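Here is a short briefing to read alongside the model. Keep the structure open and follow the topics one by one.

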Amino acid sequence: MDDIDWSDYHPETRAIRAGQHRTPEGEHAEPIFPTSSYVFQSAEEAALRFSGKTPGNIYSRFTNPTVRTFEERLAALEGGERCLAMASGMAAIASMAFGLLKAGDHVVCSRSVFGNTVLLFQNFLGKFGVETTFVKLTDLSAWEAAMRPNTRLLVLETPSNPLTEIADIRQLATLAHDHGALLAVDNCFCTPALQRPLEMGADLIIHSATKYLDGQGRCVGGALVGSHELLEKGIYPFLRTGGPAMSPFNAWVFLKGLETLNLRMRAHSENAQKLAEWLKEQSFVRKVYYPGLDSHPQAALAKSQQSQGGGIVSFEVDGGREGAWAMIDHTKMLSITANLGDVKTTITHPATTTHGRLTDPERQAAGITEGLIRIAVGLEHMDDIKNDLLRGL
Ligand SMILES: *Cc1c(COP(=O)(O)O)cnc(C)c1O
């Protein structure tokens, strides 16, 4: 298997096969290497490894065979040369920032990114002299206006959470490159099963493996995917020194998750599409947000970037917060949790959870109304999901 070039194979095959290097034991499944360090044949070999003159394992903060298998498999799925696994999605984003940015650099970031990503750039990188401008995801002229001579990085998620707004990846990659900057896309909602931003010009992919890559809500992890140059020279030295490494056990769980990623993302999307179409017909629903609906304001752009709509559906019910909370509280089966990317369907009230720390005007500007409910559609039978939602009426 070591001599296979996975770019010749289909994504379904890469998800199952890429990155495995069998040991002399001939194991069929990927082994877990729960070891913190590695032994050398001689003092000289140790010296050569430590000096970087010969490649190989030294310590699991630097490299680990199970983690490497996960990295090679995810890189093969995203179509990137190199992947670095991290302890969490936020560790991946922090490592990107520490590896690539320095005091005096400027970042342009979508306003509709994961809350902790906003806090990281605003509160922590700000302390180190990196300034960030936040802009509306879908407003290209706002991105253009925010660019400065020292802009080094553009950061976004598409589709956005929870309103499923779509960023034009190709246009924003061109904008970044015209200014000598890099485009990083958090591909959490689609995963490489539905969307491959590197092929559209993005330079870096961010993942919270905690979500769909695991797919069953078991482990926290993250990753970055991109060119060898960017990851090896820019970010790996920080990972090795700063220490946000992924554990081998978690890497193994994510590997098992990747094997079913394509199947699951297709099933999540089919369920979500059905739910979104059904919600549109319900009298208690004012508005439905889902990229797979023809009524989505960016349906054509979504179709040009994603093969399917993904698993996240948001909708607005009558009655504001009271109406939304009543619907949530009357469900019996759905999990009331802000997490997503699980085979179990989750339901959440963004205005008082994920977006609760925003001020009222900020929330209104972002379109997060009191009646908004977000559903991360799982793989249960659709009729059971619908019936659970109808209990509160
Ligand atoms: C959850 C999430 C993160 C953070 O990942 P963790 O694994 O929780 O650290 C980053 N981006 C997006 C889009 C997420 O949903």
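The crossing of helix α3 with helix α10 is left-handed, a term used if the near helix is turned anticlockwise from the far one by less than a right angle. Please bear in mind that this is a predicted model, in which local features need pLDDT of at least 70 and side-chain atom pairs count only at pLDDT 80 or more, while totals for chains, interfaces and linings use all residues. Residues are numbered from 1 along each chain as its sequence is written, and side-chain values use heavy atoms, leaving out hydrogens and water.

**The helix pair**
- Helix α3 covers residues 65–78 and helix α10 residues 248–259; they pack at about 35 degrees, with axes 8 Å apart (axes are lines fitted to C-alpha atoms over the stretch in contact, and angles run from 0 to 180 degrees between N-to-C directions; helices are DSSP runs of H or I, at least four residues, numbered from the N terminus).
- Residues of α3 including Phe70 and Leu74 meet a set in α10 that includes Trp252 and Leu255 (contact means heavy atoms within 4.5 Å).

**The two domains**
- Domain 1 spans 10–259 and domain 2 spans 262–390, with bounds from an automatic or database domain assignment.
- Their centres, taken over C-alpha atoms, are 27 Å apart.
- The contact draws 36 residues from domain 1 and 35 residues from domain 2.

**The salt bridge**
- The interface of domain 1 and domain 2 has 1 salt bridge (a side-chain nitrogen of Lys or Arg within 4 Å of a carboxyl oxygen of Asp or Glu).
- Glutamate 12 forms a salt bridge with arginine 266, the closest N and O atoms being 3.3 Å apart.

Note on methods
Helices (H or I, at least four residues) and strands (E, at least two) are DSSP runs, numbered from the N terminus.
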